[in-house]
Amino acid sequence: MMRIGLFLLTNLAVLVVAGLILSILGVGSYHGAGGLKLGNLMVICLVFGMVGSLISLFMSKWMALKTTGTELIDPNAPRSQAEVWLLQEVAQLSQRAGIQMPDVGIFPSYQSNAFATGWNKNDALVSVSTGLLERMNKDELRAVLAHEIGHVANGDMVTLSLIQGVVNAFVMFFARVAGDFIDRNVFGREEGEAPGIAYFVISMVLDIVFGILASAIVMWFSRHREYRADEAGAQLAGKEAMISALLRLQAESEMPDQMPKEMKAFAIAEGKEQGFSLAALFQTHPSIEQRVAALRQLNLP
């Protein structure tokens with residue numbers, strides 16, 4: 001699926017803004033004569049840390065539509081047999097998964113790909129690429145749709161938001177603890193003296209650095225949820241169809257990835273990016289080989 005997603009980028013941006021507000025307005029509430037009031041700081045960081053992830057969550061569908069160029073299919077007036085088929089399949093899969101029918105869309109990309117997003121399982125979006133529609137057979141297409149429905153039914157976006165919110169809180173907490181330590185021991189701030197500009201600058205820089213490092217935790221969850229979505233896809237559409245769809249994606253993996261980087265955490269396939277490749281800890285998806293091997297071990301028809 002996708003690298004550092006729109007969700008993560010938006011979250012990081014809001015985290016930095018929240019950190020700035022916290023540093024400017026929150027100083028008096030967690031700095032005392034004896035130094036940092038760690039209990040107060042942790043509570044404040046938890047509140048502010050959840051802001052970025054929640055904003056990302058509630059904006060996820062809108063951002064996905066804008067960044068991918070997805071055109072929603074009007075359920076009352078589909079324009080082609082392909083759109084009719086997509087609506088019927090998503091409706092059937094959603095009913096079997098026990099969720100309300102998501103919005104269904106198509107985005108322009110030669111690469112075979114798809115994604116699901118939305119702030120809750122009953123207000124979601126499932127979108128597929130034009131390349132996926134052109135080159136996959138119906139069994140493979142159904143498996144890809146089932147995989148995305150699996151993400152929605154498993155509540156992956158909500159869980160991702162909660163994990164990101166907790167990570168945000170610890171990032172902000174440790175950035176300020178480290179900033180306070182450096183300000184006192186390197187820049188010579190006296191006991192009881194108000195924090196200086198060095199503290200604010202260091203805290204903001206560490207918000208970014210720690211935020212990037214801590215994203216490895218979120219990426220681990222992203223990889224873990226792919227196995228669960230694959231299993232859901234296999235249960236809804238058949239194990240062999242799910243394996244066939246993944247192998248088809250693997251065959252196309254040498255193609256340049258046209259999916260916006262902001263959406264990489266939410267797609268069916270990560271694709272092949274040109275240039276620098278992030279380390280394994282920051283991968284949003286396991287390899288196709290790992291996913292196929294996991295599927296083959298499932299006791300499913």
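**Note on the annotated site, salt bridges and helix packing**

1. Glu-148 is buried, with a relative accessible area of 0%. Buried means under 20% relative accessible area, exposed over 50%, and partly exposed in between (1.4 Å probe, protein chains only). UniProt, in an unreviewed entry, lists Glu-148 under "active site". UniProt positions follow the numbering used here, feature names are shortened, and annotations may be inferred rather than shown by experiment. Glu-148 sits in helix H6 (residues 138–153). Helices (H or I, at least four residues) and strands (E, at least two) are DSSP runs, numbered from the N terminus.

2. Basis of the values. This is a predicted model: local features need pLDDT of at least 70, side-chain atom pairs count only at pLDDT 80 or more, and totals for chains, interfaces and linings use all residues. Residues are numbered from 1 along each chain as its sequence is written, and side-chain values use heavy atoms, with hydrogens and water left out.

3. Under "binding site", the unreviewed UniProt entry lists His-147, His-151 and Glu-226. They span 80 residues in sequence, yet no two of their C-alpha atoms are more than 8.6 Å apart, so they gather at one spot. Of these residues, His-151 is included in the lining of the largest cavity. On a 1 Å grid over the protein atoms alone, a cavity is a set of points where a 1.4 Å probe fits but cannot get out; lining residues have an atom within 4 Å of a point. His-147 is in helix H6. Its relative accessible area is 0%, so His-147 is buried. Glu-226 is in helix H8. Glu-226 is also buried, again with a relative accessible area of 0%.

4. The rule is a side-chain nitrogen of Lys or Arg within 4 Å of a carboxyl oxygen of Asp or Glu. One of them pairs Arg-248 with Glu-140, with the closest N and O atoms 3.3 Å apart. Arg-248 lies in helix H9 (residues 239–251) and Glu-140 in helix H6, so the pair ties together parts that are 108 residues apart in sequence. Arg-248 is partly exposed, at a relative accessible area of 28%. Glu-140 is buried, at 4%.

5. Asp-156 pairs with Arg-228, the closest N and O atoms being 3.1 Å apart. Asp-156 is in helix H7 (residues 156–185) and Arg-228 in helix H8 (residues 197–237); the pair links distant parts of the chain, 72 residues apart. Asp-156 is buried, with a relative accessible area of 0%. Arg-228 is partly exposed, with 31%.

6. Arg-291 lies in helix H10 (residues 288–296) and Glu-226 in H8, so parts that are 65 residues apart in sequence are tied together. Both Arg-291 and Glu-226 are buried. Salt bridges that share partners join Arg-225, Glu-226, Asp-230 and Arg-291 into one network.

7. Helix packing. The axes of helix H3 (residues 38–68) and H7 come within 7 Å and cross at roughly 140°. Axes are lines fitted to C-alpha atoms, for helices over the stretch in contact, and angles run from 0 to 180 degrees between N-to-C directions. The H3 and H7 crossing is right-handed. Residues of the H3 contact with H7 divide into 16 nonpolar, seven polar and one charged. Here Ala, Val, Leu, Ile, Met, Phe, Trp, Tyr, Cys and Pro count as nonpolar, Asp, Glu, Lys and Arg as charged, and the others, Gly among them, as polar.

Technical notes:
Left-handed = near helix turned anticlockwise from the far one by under 90°. 1 Å grid on protein atoms, 1.4 Å probe; cavity = no way out; pocket = protein on both sides within 12 Å on 5 of 7 lines; lining within 4 Å.
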